[in-house]
Every structure is written in C-alpha cells, then in structure tokens.
Amino acid sequence: MSRIKGFYKKIAEQIVLFAIIIVIIVAMGIASPYFLSVRNAMNIVQYVSTYGIIAIGMTMVILTGGINLSVGGTLALSVYVAAKCMLAGIPWPAAILVCLIVGGMVGVVNGFAVAGLKIPPLIATLAVEQITRGIHLGLAQGAPLHGFPEHFLNIGAGELLGIPMAVIWTIGLFLFFGFFLAKTKTGRLIYAVGGNPEATRIAGINNKRLIMLVYIFAGLLCSIAGIIVVGRMNSVAVSIAQGIDMQAITACVLGGASVTIGGKGKVSGTFLGILIMGLIQNSLDLLNVSAYWQTFIQGLILLLAVSLDAVRTLRASGTYKKKR
C-alpha cells in the first residue's frame, strides 16, 4: 500500500498537468473550429520547440538552486556569430561548431561567476544577459542577417517522415536529458547539489564543477535552440529571443521545478509545462487577445506558478501549518 501511495505521490503533479492540458484542448476545441486541426497542432509544437529546448537547460540550472536570465542573449550572440561566419563563406558545419562554442563559453562565464566568484545567480546571469545582448546589438547595428545555406536551414525548417525537424530535435533532447538526469550518476549528483549542497560538499563532491557543467549545458542548449529558430525563420533578427527567459522559467515552474528550493523538478514535468504554455499562447492568438494583454497573462501565470511552488515548499517544511 505504501508503494502505491509513493508512486501516486510521484506522478500526482504530472496527472494534474495532463488534466490541465485536456481541459484546454476540450475548451478550445469548442471555442475555435481551427484549434483541433493538424496544422494548428504543428504550429503549437513548433512554437514551443525554441523555448522548450532552452527550458531543459533552465530546469538543470534550477535543480542546482540557480536561475539563468542570460538565455536570450546567449542564443542571440551565438547564432549571430554563426550567421556572420556562413555569410563570410565559412562552411555551415563549421559555423554550427562556432555557434556551440560561443554558447558553451557563455555558460563557462555564468558558471564561473556563480560557482567560482559566488555571485548570486540572478545578478550574475542578468549581467551576462546585458553583456551578450550588448555585443550582439553592437555588432548588428540594427541590421538583421539572412540568406543562409539550404542544408543549414533544413536543420530547423526541414521534415523527416512528415514530422518537422524542430519537433524531432526537441523530443530527442528531452529524452536524452531526461535519461541523463534520472539514470546517470552525474544527473543524480545535480539533484543532490541543489537539494543539500553542504552534504554533497562534506561527501567530497565537487559542487563547483557540477554547477559549471550545468551552466555549460544551458549555454549549449541555447545555441541549439538558436540554430533551430534561425533555420525556421531564415533570419537573425535584432530582437531575436526577447523575453524567452521568462517563457522558459514559467514552463519549468509549471512543470514542477522549484525556484524556492533546489533539487526538485523533472524534465518530463518541464515538457508538460511547455505544452501548457504553447496551448495557452495559441489559444490567446485564436481568440484574438491583444498582444499587450497576452504579456500580462504570461506574467500572471508565472506569478501564480511561483506562488504555488512557495506554498508547496512551506507545506513540505511544516512552516505553513505552524503559521496558521
């Protein structure tokens, strides 16, 4: 009986998320004749692919008790450099490698600032966001880049057996990192570092190295997301990836990751979180809700999700009952 209760407790949050997804689908299926079309479904999954991939890295950062506000700048700078390389005649595979190197190096800077210099993650990554955005804007001078090789564009815009490549990349990365966190020693240590960093330090685990690794992963995933979005758009806009950090964080928190304590969250929950975000965004578009009010609604969802996370944390610690 205790095993059944334990199993139910583990999947309870996922059940709730599935229920929310079903409610949105049923309600919008009634409200809009276009919602249940195959084309609209593809639009939703392609829309969430960019910040879904970023949300994987964000989940790992949150598991360590951190946050990453530099994802938009990391994406913008890495793909801009790659785009300039391709337009200068450098082969697209080499440009992709450069893109990944830039993303990884931004991750190194974030990791060193947080783990090495002990700067609070919020401040460190916000500063790096400003730096990377500033470099991108300074190099771009307001001019977008476009006109890339077809093979490069197919990475994000192509299809395999009728399935968009953006969807395949997203699902593949979720499966890989879900396995990594749940089944590998390093993945379990990431949970441990976030849940009880003092205990892991006493046990001889190198917390700094693990935190550095997580931020490098986050930077690399930003670069991959950038490659996909540029492949789909065939352009590197000056405003690329604006606000994507809030979307990724909201998806993570909706999926059960805790921003109040480390070591809590799953990639599978984040996947359901990005689906909910995609369904909500698509529903607002179909219902012709003003873009200004959409921003308000997205902020409200994030506030509610974080508030629920805070209540869950208080209840788990017993503080909530004591206060009452």
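The legends below describe close-up views of a predicted model.

**View A. Helix 2, from residue 38 to residue 63, and its span**. In this predicted model, helix 2 comprises 26 residues and reaches 35 Å from its first C-alpha to its last, a span close to the 38 Å expected at 1.5 Å a residue. Helix 2 is mostly covered, with 19 of its 26 residues counted as buried.

**View B. The kink in helix 2 and the residue that follows the helix**. The kink is centred on Ser-49 and amounts to about 45°. Just after helix 2, the backbone of Gly-65 takes a positive phi of about 90°.

**View C. The aromatic pair of Phe-148 and Phe-152**. A search of the whole structure finds eight aromatic pairs. Among them is the pair formed by Phe-148 and Phe-152, which is edge-to-face, with 6.1 Å from centre to centre and 75° between the planes. Both of these residues, Phe-148 and Phe-152, are buried.

**View D. The aromatic pair of Phe-176 and Phe-177, and the cluster that includes both**. The rings of Phe-176 and Phe-177 form an edge-to-face aromatic pair, with a centre-to-centre distance of 5.0 Å and an angle of 90° between the planes. Phe-177 counts as buried because its relative accessibility is 5%, and the cut-off for that class is under 20%. Phe-176 and Phe-177 belong, together with Phe-180 and Phe-217, to one aromatic cluster.

Conventions. Residues numbered from 1 in each chain as written. Predicted model: local features only at pLDDT ≥ 70, side-chain atom pairs only at ≥ 80, totals over all residues. Heavy atoms only, no water. Helix = DSSP H or I, 4+ residues; strand = E, 2+ residues; numbered from the N terminus. Expected span 1.5 Å × (residues − 1). Bend = angle between axes of the 7 residues up to and from the residue. Buried < 20%, exposed > 50% of the residue type's maximum accessible area, 1.4 Å probe, protein only. Phe/Tyr/Trp six-rings, centres within 6.5 Å; stacked < 30°, edge-to-face > 60°.
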